Amino acid sequence: MNQPAPAAAFEAPAAKDFKSSYKPIWCPGCGDFSVLSSLTKALATLGLRPENVAVISGIGCSSRIPAYTTCYGFHGVHGRALATAAGLKLARPDLTVVVTGGDGDGYSIGGNHFLHACRRNVDLTYVVMDNHVYGMTKGQPSPTTEPDWDSKLSPGGTGVRTFHPLVIALAAGANFVARAFSGDPNGTADIIAQAISTPGFSFVEVLSPCVTFRPEQREWKNAVRPAPVATTDDPARAVRRIMTDDGFNIGILYSGTRKPFQPPIGAGTATPSDLEREFAL
Amino acid sequence: MISIRLLAPARPAEFASALDGARRVLVVEQNSGAQLYRYLRSQYDMPGDVKSFARPGPLAIRPSEVCRAITQWGNA
């Protein structure tokens, strides 16, 4: 039920043209507000039009983003956003496809899809808003939660080693890997724009505080810093850097040149009736 | 055709505007319990006759199924 603006308004798309009439219902102070603004700014900066962009998501607070945009969108099944997005991109390579989600959706429920999306290198941009917690379901530990994070739902901490998404993305074959911080909306917009512009699977991990269940993350703004090294196209070097930093180096950490996976599309002569016959029991 | 992008929060004004002039409303969903139909009934005043078309997966709902449901309803 988005109310699209008149076509004339999109002659020179601005960030506001990518925002829908839905008012986000995230908690006050949530980093996702800023990521939404960064995403719309990036799309405007690239001169894209809402009707040429699809935003795909799974389930979670951050996965509500598609409806907050005027782009095509799909708020799908938990953890399956990348599979849906890959299918869409392969069928409609003319669309710019952006996938949004959180750390639980992407690294736990959708962890297997994450690995294989990196491996396939379909031309997608995956923006993960990582707050190290399942916020929508009231604060359970996620794959990126610190092992000693003590809470009512995890007394004494989980004791489980954290998932390292950037390194895993590199090991699996992602073509672009970056870390951003929601408290730096302009920098995040620039990174997302470059991620979209880079062919292949681009992965942007955005540190996006959950001030409700992880109020200590308000201090992230004092911890983040621009990565003190230039972007590399050597995945081994990028992995070593990421494995040895403290998780707060911001910037494009790897940008490669792998050719995206995009098989040719068939002639498309089948009619809807033909397709239905294929699915008939 | 109206596609709802978010279930919550409900937006009665926009929904009423989208359904303005409708005499019949067919709620199409893929599950066995007609959850969306019941949710819409609980959240919105929908105009005219309202009917549910719901069936579980795994096979996707086909265009002809929806077309048939509309046609049969029209002929009823």
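How exposed is Arg225(A), in relative accessibility?

Analyst: This is a predicted model, where local features need pLDDT of at least 70, side-chain atom pairs count only at pLDDT 80 or more, and totals for chains, interfaces and linings use all residues. Residues are numbered from 1 along each chain as its sequence is written, chains are lettered from A and ligands numbered from 1 in the order in which they are written, and side-chain values use heavy atoms, without hydrogens and water.

Arg225(A) is partly exposed, at 32% relative accessibility. Buried means under 20% relative accessible area, exposed over 50%, and partly exposed in between (1.4 Å probe, protein chains only).

Arg225(A) pairs with Asp246(A) in a salt bridge, with the closest N and O atoms 2.7 Å apart. The term means a side-chain nitrogen of Lys or Arg within 4 Å of a carboxyl oxygen of Asp or Glu. Arg225(A) sits in strand β7 (residues 225-226) of chain A, and Asp246(A) in the loop between α8 (235-244) and β8 (249-255), so the bridge ties together parts 21 residues apart in sequence. Helices (H or I, at least four residues) and strands (E, at least two) are DSSP runs, numbered from the N terminus. Asp246(A) is also partly exposed, at 45%.

Now the wider set. Over all chains, the structure holds eight salt bridges. One of them joins Asp94(A) and Arg92(A), at 2.8 Å between the closest N and O atoms. Asp94(A) is exposed at 53% relative accessible area, while Arg92(A) is partly exposed at 39%.

Chain B contributes Glu65(B) with Arg55(B), at 2.8 Å from N to O. Glu65(B) lies in helix α3 (residues 63-75), and Arg55(B) in the loop between β2 (49-54) and α3, ten residues apart. Glu65(B) is buried, at 14% relative accessibility. In chain A, shared partners join Glu146(A), Arg214(A) and Glu216(A) into one salt-bridge network.
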